[in-house]
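This briefing looks at a single protein chain together with its ligand. It takes up the contacts, then the order of elements, the sheet, and the surroundings of the ligand.

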Amino acid sequence: MGVAIGAVVILSFFIALFISKKIKHRRAQMLKRHFFLKNRGQLLQQLVSQRADIAERMVITLEEIEKATNNFDKTRELGGGGHGMVYKGILSDLHVVAMKKPKKWFRRRLMSSLMRLPSYHRSTIEM
Ligand SMILES: Nc1ncnc2c1ncn2[C@@H]1O[C@H](COP(=O)(O)OP(=O)(O)OP(=O)(O)O)[C@@H](O)[C@H]1O
């Protein structure tokens, strides 16, 4: 009897663990989808499929971002949102852009979501 109860308890534990992992995975998927839509991911995907050079311009190194924002200088701050500060950046081709530096907690969350992406996607992100 005791053994049977023990087995049920252990089984319940693993079932709960499995369900909790599934829920976490589903939440992460929904969050990814939310940011994809919020950040005009569909439009970008469309542009990229039509013009490869746009895709090249969308990958900007941290070094270039630091240079463009003068190392995230205070005078370049445009405003802040819940997820980070937005800076005015001037790229080497003189394009003026707005760049958001995510807050630490959001960067961690972003990174953990990125780690779940296939490695060929991950390799394009350096920050
Ligand atoms: N392209 C831009 N040009 C000028 N200012 C900008 C630009 N984008 C953002 N800002 C400034 O930065 C502030 C924050 O913008 P952001 O897009 O981060 O807002 P948010 O969506 O409310 O932020 P979050 O998602 O982090 O809560 C804006 O209120 C605005 O002052």
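Of the contacts in the protein with a separation of 6 or more, 24% are accounted for by residues 24 or more positions apart. The model is a predicted one, and in it buried residues make up 3% of the 127 residues.

**Order of elements**
- The protein has six helices and three strands, and from the N terminus on these elements run α-α-α-α-β-β-β-α-α.

**The sheet**
- The three strands form an open sheet in the order E1-E2-E3, and the pairing in this sheet is antiparallel.
- Strand E1 (77-81) and strand E3 (96-102) stand at the edges and have a single partner strand each, so one side of each is left without a neighbour in the sheet.
- Neighbouring strands of this sheet are turned by 30° against each other on average, with direction ignored.
- Strand E2 (residues 84-90) runs antiparallel to E3 and is joined to E3 by seven bridges; Lys 88 stands opposite Ala 98 in E3.

**Surroundings of the ligand**
- The residues around the ligand are Leu 78, Gly 79, Gly 80, Gly 81, Gly 82, His 83, Gly 84, Val 86, Ala 98 and Lys 100.
- Two or more residues of this shell come from each of the elements E1, E2 and E3, and E1 gives the most, with four residues.
- Sorted by class, the shell around the ligand has six polar residues, three nonpolar residues and one charged residue.

Conventions:
Residues are numbered from 1 along each chain as its sequence is written. This is a predicted model: local features need pLDDT of at least 70, side-chain atom pairs count only at pLDDT 80 or more; totals for chains, interfaces and linings use all residues. A residue is buried if 20 or more other C-beta atoms lie within 10 Å of its own, exposed if 12 or fewer, and partly exposed in between; C-beta atoms are placed from the backbone. Two residues are in contact if their C-beta atoms, placed from the backbone, lie within 7 Å. Two strands pair if DSSP finds at least two bridges between them. Axes are lines fitted to C-alpha atoms, for helices over the stretch in contact, and angles run from 0 to 180 degrees between N-to-C directions. A residue is near a molecule or strand if its C-beta atom, placed from the backbone, lies within 6 Å of it. Ala, Val, Leu, Ile, Met, Phe, Trp, Tyr, Cys and Pro count as nonpolar, Asp, Glu, Lys and Arg as charged, and the others, Gly among them, as polar.
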